[in-house]
Amino acid sequence: MNDAGEFGFELRTCRWAEREWPLEEPGDRAVLVARQLGTRDRRWDTIVLECDPDALRERATFGSERLDSDLLHVVRNAPADWTYYRDALPDPGYPWRYVRESIHRADDRGILETRKRANRIEIRRKWPYPDWLERVIAIENKPDLDASAARALGAQLEHDVAVALADEVWVATRATGERVEPVLLEDLPIEVGVLALEPETLSASVEWYPRSLAVDEPGTRILERPAGGARDGSAARFEYVEPDAKAEKRLEIAERAYERGWRSFVETMRPDCRHFELRATDGQQAMPYCGARGGCQTAAACSGSCPEFEPEPPAWRTRGWPIEGGPGKRLRRLLEARRRRNRPGAD
Ligand code: SF4
(Lines give C-alpha, C1' and ligand atoms only; values in the text may rest on other atoms or scores of the structure.)
Protein backbone atom coordinates (compact mmCIF):
# COMPACT_ATOMS: atom_id res chain seq x y z
CA MET A 1 0.00 0.00 0.00
CA ASN A 2 1.32 3.46 -0.83
CA ASP A 3 1.81 6.30 1.64
CA ALA A 4 -1.50 7.90 0.68
CA GLY A 5 -3.26 4.62 1.48
CA GLU A 6 -1.58 4.48 4.91
CA PHE A 7 -2.43 8.10 5.57
CA GLY A 8 -6.08 7.51 4.64
CA PHE A 9 -6.16 4.43 6.87
CA GLU A 10 -4.72 6.46 9.74
CA LEU A 11 -7.45 9.08 9.40
CA ARG A 12 -10.08 6.34 9.35
CA THR A 13 -8.62 4.83 12.51
CA CYS A 14 -8.85 8.24 14.17
CA ARG A 15 -12.46 8.54 13.11
CA TRP A 16 -13.25 5.05 14.31
CA ALA A 17 -11.63 5.74 17.71
CA GLU A 18 -13.58 8.96 18.10
CA ARG A 19 -16.84 7.08 17.52
CA GLU A 20 -16.19 3.80 19.30
CA TRP A 21 -13.81 4.40 22.21
CA PRO A 22 -13.90 3.18 24.95
CA LEU A 23 -14.39 -0.36 23.68
CA GLU A 24 -15.90 -1.88 26.76
CA GLU A 25 -19.14 -0.58 28.29
CA PRO A 26 -19.52 3.06 27.36
CA GLY A 27 -18.45 4.69 30.59
CA ASP A 28 -18.46 8.29 31.66
CA ARG A 29 -15.06 9.00 30.14
CA ALA A 30 -14.62 11.66 27.50
CA VAL A 31 -12.34 10.82 24.61
CA LEU A 32 -9.92 12.95 22.62
CA VAL A 33 -8.15 11.64 19.54
CA ALA A 34 -4.97 13.01 17.98
CA ARG A 35 -2.34 11.78 15.56
CA GLN A 36 1.40 11.82 15.05
CA LEU A 37 2.46 12.71 18.57
CA GLY A 38 4.90 11.23 21.03
CA THR A 39 8.41 11.73 22.32
CA ARG A 40 11.73 12.54 20.71
CA ASP A 41 12.40 8.82 20.20
CA ARG A 42 8.96 7.62 19.28
CA ARG A 43 5.97 9.04 17.50
CA TRP A 44 2.64 7.27 17.59
CA ASP A 45 0.24 7.27 14.65
CA THR A 46 -2.98 7.64 16.63
CA ILE A 47 -3.42 8.65 20.24
CA VAL A 48 -6.61 8.22 22.21
CA LEU A 49 -6.91 10.08 25.49
CA GLU A 50 -9.45 8.90 28.01
CA CYS A 51 -10.39 11.90 30.12
CA ASP A 52 -12.47 12.82 33.13
CA PRO A 53 -15.35 14.72 31.47
CA ASP A 54 -15.77 17.37 34.19
CA ALA A 55 -12.05 17.99 34.44
CA LEU A 56 -11.80 18.18 30.65
CA ARG A 57 -14.41 20.92 30.68
CA GLU A 58 -12.40 22.77 33.33
CA ARG A 59 -9.28 22.40 31.22
CA ALA A 60 -11.01 24.54 28.57
CA THR A 61 -10.70 27.60 30.85
CA PHE A 62 -6.97 27.53 30.09
CA GLY A 63 -7.68 28.05 26.37
CA SER A 64 -7.48 25.76 23.38
CA GLU A 65 -3.73 26.20 22.93
CA ARG A 66 -1.51 23.66 24.61
CA LEU A 67 0.39 24.42 27.79
CA ASP A 68 4.02 23.45 27.27
CA SER A 69 6.10 21.97 30.08
CA ASP A 70 7.24 25.40 31.33
CA LEU A 71 3.70 26.74 31.51
CA LEU A 72 2.52 23.55 33.17
CA HIS A 73 5.20 23.97 35.82
CA VAL A 74 3.82 27.42 36.63
CA VAL A 75 0.06 26.88 36.49
CA ARG A 76 0.08 23.51 38.24
CA ASN A 77 2.05 24.92 41.18
CA ALA A 78 0.54 28.39 41.33
CA PRO A 79 -0.80 29.08 44.86
CA ALA A 80 -4.33 30.17 45.79
CA ASP A 81 -2.97 33.28 47.60
CA TRP A 82 -0.46 35.89 46.49
CA THR A 83 3.06 34.49 46.97
CA TYR A 84 6.52 35.43 45.81
CA TYR A 85 7.02 33.16 42.80
CA ARG A 86 10.24 31.58 44.09
CA ASP A 87 8.52 30.61 47.31
CA ALA A 88 5.54 29.20 45.47
CA LEU A 89 7.14 27.16 42.72
CA PRO A 90 9.43 24.15 43.13
CA ASP A 91 12.98 24.60 41.93
CA PRO A 92 12.65 24.03 38.18
CA GLY A 93 16.15 22.64 37.74
CA TYR A 94 16.98 25.41 35.27
CA PRO A 95 17.60 29.15 35.76
CA TRP A 96 14.80 31.13 37.37
CA ARG A 97 14.84 33.72 34.62
CA TYR A 98 13.16 31.16 32.36
CA VAL A 99 10.48 30.70 34.99
CA ARG A 100 9.91 34.46 34.97
CA GLU A 101 9.44 34.29 31.21
CA SER A 102 6.87 31.53 31.64
CA ILE A 103 5.09 33.58 34.29
CA HIS A 104 4.82 36.50 31.85
CA ARG A 105 3.58 34.19 29.11
CA ALA A 106 0.96 32.73 31.43
CA ASP A 107 -0.08 36.25 32.43
CA ASP A 108 -0.36 37.29 28.76
CA ARG A 109 -2.59 34.29 28.11
CA GLY A 110 -4.81 35.26 31.04
CA ILE A 111 -4.29 31.99 32.91
CA LEU A 112 -2.33 33.35 35.89
CA GLU A 113 -2.50 36.47 38.05
CA THR A 114 0.68 38.42 38.70
CA ARG A 115 1.61 41.59 40.57
CA LYS A 116 4.77 43.32 41.67
CA ARG A 117 5.45 43.98 45.36
CA ALA A 118 8.71 45.65 46.39
CA ASN A 119 10.24 44.66 43.09
CA ARG A 120 9.26 41.05 43.56
CA ILE A 121 6.89 39.20 41.26
CA GLU A 122 4.04 37.58 43.12
CA ILE A 123 1.69 35.08 41.53
CA ARG A 124 -1.74 33.68 42.27
CA ARG A 125 -3.65 31.06 40.39
CA LYS A 126 -6.86 31.86 38.57
CA TRP A 127 -8.14 28.31 38.63
CA PRO A 128 -6.62 25.04 39.76
CA TYR A 129 -5.24 23.09 36.82
CA PRO A 130 -7.58 20.09 36.58
CA ASP A 131 -6.55 16.47 36.64
CA TRP A 132 -8.18 15.73 33.30
CA LEU A 133 -6.03 12.98 31.78
CA GLU A 134 -6.82 9.44 32.82
CA ARG A 135 -5.39 7.05 30.24
CA VAL A 136 -3.27 7.26 27.10
CA ILE A 137 -3.79 4.72 24.32
CA ALA A 138 -1.27 4.49 21.50
CA ILE A 139 -2.32 2.93 18.20
CA GLU A 140 0.08 2.05 15.42
CA ASN A 141 -1.59 1.86 12.02
CA LYS A 142 -0.37 -0.77 9.61
CA PRO A 143 -3.04 -1.51 7.04
CA ASP A 144 -0.91 -4.19 5.33
CA LEU A 145 1.36 -5.89 7.78
CA ASP A 146 3.71 -8.16 5.88
CA ALA A 147 6.56 -10.01 7.59
CA SER A 148 9.21 -7.34 7.06
CA ALA A 149 6.90 -4.53 8.23
CA ALA A 150 6.06 -6.65 11.27
CA ARG A 151 9.75 -7.05 12.15
CA ALA A 152 10.34 -3.29 12.06
CA LEU A 153 7.15 -2.65 13.95
CA GLY A 154 7.95 -5.33 16.52
CA ALA A 155 11.07 -3.45 17.66
CA GLN A 156 9.12 -0.20 18.02
CA LEU A 157 6.40 -1.92 20.00
CA GLU A 158 8.95 -3.53 22.32
CA HIS A 159 10.22 -0.04 23.01
CA ASP A 160 6.68 1.13 23.84
CA VAL A 161 6.06 -1.80 26.16
CA ALA A 162 9.40 -1.36 27.95
CA VAL A 163 8.96 2.36 28.57
CA ALA A 164 5.24 2.01 29.40
CA LEU A 165 4.45 5.62 28.71
CA ALA A 166 1.05 4.71 27.28
CA ASP A 167 -1.46 2.65 29.25
CA GLU A 168 -2.19 0.49 26.24
CA VAL A 169 -0.52 -0.08 22.90
CA TRP A 170 -2.40 -1.37 19.86
CA VAL A 171 -1.78 -2.21 16.26
CA ALA A 172 -4.61 -1.45 13.86
CA THR A 173 -4.53 -3.37 10.61
CA ARG A 174 -6.89 -3.81 7.69
CA ALA A 175 -9.35 -6.63 8.26
CA THR A 176 -8.79 -9.43 5.76
CA GLY A 177 -11.85 -11.51 6.61
CA GLU A 178 -9.69 -14.62 7.03
CA ARG A 179 -10.43 -16.98 9.90
CA VAL A 180 -7.19 -16.02 11.62
CA GLU A 181 -6.08 -12.51 10.81
CA PRO A 182 -2.52 -12.77 9.41
CA VAL A 183 -1.28 -10.13 11.85
CA LEU A 184 -1.74 -12.66 14.67
CA LEU A 185 0.81 -14.92 13.07
CA GLU A 186 3.47 -12.25 13.27
CA ASP A 187 5.89 -12.08 16.16
CA LEU A 188 4.57 -9.00 17.96
CA PRO A 189 4.88 -8.46 21.74
CA ILE A 190 1.99 -10.17 23.50
CA GLU A 191 1.26 -7.03 25.54
CA VAL A 192 0.12 -5.26 22.38
CA GLY A 193 -3.52 -5.33 21.32
CA VAL A 194 -4.54 -6.08 17.75
CA LEU A 195 -7.47 -4.50 16.02
CA ALA A 196 -8.75 -5.50 12.59
CA LEU A 197 -10.43 -2.50 11.03
CA GLU A 198 -12.50 -2.33 7.90
CA PRO A 199 -11.78 1.27 6.86
CA GLU A 200 -14.69 1.66 4.43
CA THR A 201 -17.39 0.67 6.91
CA LEU A 202 -15.48 1.45 10.11
CA SER A 203 -16.41 -1.89 11.58
CA ALA A 204 -13.67 -3.34 13.73
CA SER A 205 -12.99 -6.44 15.75
CA VAL A 206 -10.54 -6.94 18.57
CA GLU A 207 -8.30 -9.84 17.58
CA TRP A 208 -6.12 -9.65 20.67
CA TYR A 209 -6.61 -7.67 23.85
CA PRO A 210 -3.65 -5.65 25.12
CA ARG A 211 -2.21 -5.76 28.60
CA SER A 212 -2.41 -2.59 30.67
CA LEU A 213 1.12 -1.26 31.04
CA ALA A 214 2.59 -0.09 34.35
CA VAL A 215 2.61 3.64 33.72
CA ASP A 216 3.14 4.38 37.44
CA GLU A 217 6.31 2.31 37.65
CA PRO A 218 9.79 3.05 36.28
CA GLY A 219 10.07 2.34 32.57
CA THR A 220 13.05 1.08 30.61
CA ARG A 221 14.30 2.92 27.58
CA ILE A 222 16.24 0.64 25.26
CA LEU A 223 19.14 2.70 23.94
CA GLU A 224 20.91 0.08 21.92
CA ARG A 225 20.33 -3.58 21.27
CA PRO A 226 22.87 -6.12 20.08
CA ALA A 227 22.67 -6.91 16.40
CA GLY A 228 22.57 -10.58 17.29
CA GLY A 229 24.41 -13.40 15.58
CA ALA A 230 27.12 -15.73 16.82
CA ARG A 231 29.82 -13.07 17.16
CA ASP A 232 27.78 -10.43 18.89
CA GLY A 233 28.07 -10.97 22.62
CA SER A 234 27.31 -7.37 23.56
CA ALA A 235 24.59 -6.54 26.02
CA ALA A 236 21.68 -4.20 25.31
CA ARG A 237 22.10 -0.71 26.73
CA PHE A 238 19.14 0.84 28.47
CA GLU A 239 18.20 3.47 31.01
CA TYR A 240 15.38 3.84 33.50
CA VAL A 241 12.66 6.41 33.15
CA GLU A 242 11.24 7.52 36.48
CA PRO A 243 7.45 7.56 37.02
CA ASP A 244 7.42 11.34 37.63
CA ALA A 245 9.19 11.99 34.34
CA LYS A 246 6.71 9.70 32.60
CA ALA A 247 3.73 11.47 34.15
CA GLU A 248 5.07 14.82 32.98
CA LYS A 249 5.71 13.54 29.48
CA ARG A 250 2.22 12.03 29.29
CA LEU A 251 0.67 15.34 30.24
CA GLU A 252 2.80 17.24 27.72
CA ILE A 253 1.70 14.85 24.99
CA ALA A 254 -1.90 15.17 26.14
CA GLU A 255 -1.68 18.96 26.01
CA ARG A 256 -0.42 18.79 22.44
CA ALA A 257 -3.18 16.36 21.57
CA TYR A 258 -5.71 18.71 23.16
CA GLU A 259 -4.53 21.55 20.94
CA ARG A 260 -4.20 19.64 17.70
CA GLY A 261 -6.75 16.87 17.65
CA TRP A 262 -6.47 14.77 14.51
CA ARG A 263 -8.11 17.02 11.96
CA SER A 264 -5.19 19.42 12.03
CA PHE A 265 -3.73 17.59 8.99
CA VAL A 266 -5.11 20.40 6.90
CA GLU A 267 -2.70 22.84 8.55
CA THR A 268 0.24 21.12 6.89
CA MET A 269 -1.56 20.69 3.55
CA ARG A 270 -2.57 23.11 0.80
CA PRO A 271 -6.31 23.65 1.06
CA ASP A 272 -5.71 26.82 -0.97
CA CYS A 273 -4.84 24.63 -3.98
CA ARG A 274 -7.61 24.45 -6.58
CA HIS A 275 -7.40 20.63 -6.58
CA PHE A 276 -7.85 20.28 -2.83
CA GLU A 277 -11.19 18.90 -1.67
CA LEU A 278 -12.68 17.40 1.43
CA ARG A 279 -14.84 14.42 0.58
CA ALA A 280 -17.23 12.70 2.89
CA THR A 281 -16.48 8.99 3.22
CA ASP A 282 -19.11 7.61 5.55
CA GLY A 283 -21.42 10.54 4.98
CA GLN A 284 -19.67 12.37 7.80
CA GLN A 285 -15.91 12.17 7.83
CA ALA A 286 -14.19 14.80 5.73
CA MET A 287 -11.14 13.19 4.13
CA PRO A 288 -8.64 15.11 2.02
CA TYR A 289 -8.97 14.42 -1.70
CA CYS A 290 -6.79 15.66 -4.52
CA GLY A 291 -8.63 16.22 -7.79
CA ALA A 292 -5.36 16.19 -9.75
CA ARG A 293 -4.20 12.86 -8.31
CA GLY A 294 -7.65 11.35 -8.15
CA GLY A 295 -7.42 10.16 -4.56
CA CYS A 296 -6.41 10.82 -0.98
CA GLN A 297 -3.05 12.57 -0.85
CA THR A 298 -0.54 12.57 1.98
CA ALA A 299 0.39 15.69 3.92
CA ALA A 300 3.95 15.29 2.61
CA ALA A 301 2.78 15.29 -1.02
CA CYS A 302 0.30 18.10 -0.54
CA SER A 303 2.78 20.91 -0.05
CA GLY A 304 4.13 23.96 -1.80
CA SER A 305 6.59 21.75 -3.68
CA CYS A 306 3.81 19.62 -5.23
CA PRO A 307 4.30 19.85 -9.02
CA GLU A 308 0.52 19.93 -9.55
CA PHE A 309 -0.14 22.69 -7.04
CA GLU A 310 -2.24 25.48 -8.49
CA PRO A 311 -3.50 28.33 -6.34
CA GLU A 312 -7.27 28.57 -6.09
CA PRO A 313 -8.45 31.11 -8.68
CA PRO A 314 -9.09 34.61 -7.34
CA ALA A 315 -12.66 34.39 -8.67
CA TRP A 316 -13.40 31.73 -6.02
CA ARG A 317 -12.71 34.36 -3.45
CA THR A 318 -14.71 37.23 -4.82
CA ARG A 319 -17.89 36.48 -2.95
CA GLY A 320 -17.41 37.75 0.54
CA TRP A 321 -13.64 37.92 0.22
CA PRO A 322 -11.59 38.88 2.14
CA ILE A 323 -13.95 38.53 5.09
CA GLU A 324 -15.04 35.01 4.19
CA GLY A 325 -11.91 33.90 2.36
CA GLY A 326 -11.84 31.30 -0.41
CA PRO A 327 -12.71 27.61 -0.19
CA GLY A 328 -9.35 26.87 1.42
CA LYS A 329 -10.23 29.08 4.37
CA ARG A 330 -13.71 27.60 4.63
CA LEU A 331 -12.31 24.07 4.74
CA ARG A 332 -9.98 25.07 7.55
CA ARG A 333 -12.88 26.54 9.50
CA LEU A 334 -15.02 23.48 8.98
CA LEU A 335 -12.35 21.18 10.38
CA GLU A 336 -11.61 23.55 13.25
CA ALA A 337 -15.31 23.61 14.19
CA ARG A 338 -15.37 19.79 14.24
CA ARG A 339 -12.24 19.71 16.36
CA ARG A 340 -13.83 22.10 18.87
CA ARG A 341 -16.89 19.89 19.21
CA ASN A 342 -14.67 17.35 20.90
CA ARG A 343 -13.21 19.80 23.38
CA PRO A 344 -16.15 20.59 25.64
CA GLY A 345 -16.16 24.14 26.95
CA ALA A 346 -13.66 25.40 24.35
CA ASP A 347 -14.78 28.59 22.65
S1 SF4 B 1 -2.34 19.14 -6.53
FE2 SF4 B 1 -0.77 18.87 -4.96
S3 SF4 B 1 -1.04 20.68 -3.62
FE4 SF4 B 1 -2.89 20.49 -4.87
S5 SF4 B 1 -4.34 19.29 -3.62
FE6 SF4 B 1 -3.23 17.85 -4.95
S7 SF4 B 1 -1.52 17.15 -3.70
FE8 SF4 B 1 -2.29 19.03 -2.75
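This short talk describes the predicted model shown above, from its overall build to one strand and the ligand.

Good morning. Residues are numbered from 1 along each chain as its sequence is written. Since the model is predicted, local features need pLDDT of at least 70, side-chain atom pairs count only at pLDDT 80 or more, and totals for chains, interfaces and linings use all residues.

Let me begin with the whole chain. Its C-alpha atoms fill a box of roughly 70 × 70 × 45 Å along the principal axes. There are eight helices and 13 strands; helices (H or I, at least four residues) and strands (E, at least two) are DSSP runs, numbered from the N terminus. Of the 347 residues, 30% count as buried, a term that requires 20 or more other C-beta atoms, placed from the backbone, within 10 Å of the residue's own.

The chain is divided into domain 1 (3-52 + 132-261), domain 2 (62-125) and domain 3 (264-341), with bounds that come from an automatic or database domain assignment. Between the centres of domain 1 and domain 2, taken over C-alpha atoms, lie 34 Å. Seven residues of domain 1 are in contact with six of domain 2, where contact places the C-beta atoms, built from the backbone, within 7 Å. On the domain 1 side, two of these residues are nonpolar, none is polar and five are charged. Here Ala, Val, Leu, Ile, Met, Phe, Trp, Tyr, Cys and Pro count as nonpolar, Asp, Glu, Lys and Arg as charged, and the others, Gly among them, as polar.

I now turn to strand E7, residues 168-174. How many of its seven residues are buried? The count is seven of seven. Glu168, Trp170, Ala172 and Arg174 point one way from E7, while Val169, Val171 and Thr173 point the other way.

Which strands pair with E7? Strand E6 (residues 133-141) does so in the parallel sense over five bridges, and strand E8 (residues 193-198) also pairs with E7 in the parallel sense over five bridges; pairing requires at least two DSSP bridges. Glu140 stands opposite Val171 in E7, and Arg174 has Leu197 in E8 as its bridge partner.

Finally, the ligand. It is surrounded by 13 residues, the closest being Cys273, Cys290, Cys302, Cys306 and Glu308; a residue is near if its C-beta atom, placed from the backbone, lies within 6 Å. This shell divides into eight nonpolar, two polar and three charged residues. Thank you.

How values were computed: Contact = placed C-beta atoms within 7 Å. Buried ≥ 20, exposed ≤ 12 C-beta atoms within 10 Å, placed from the backbone.
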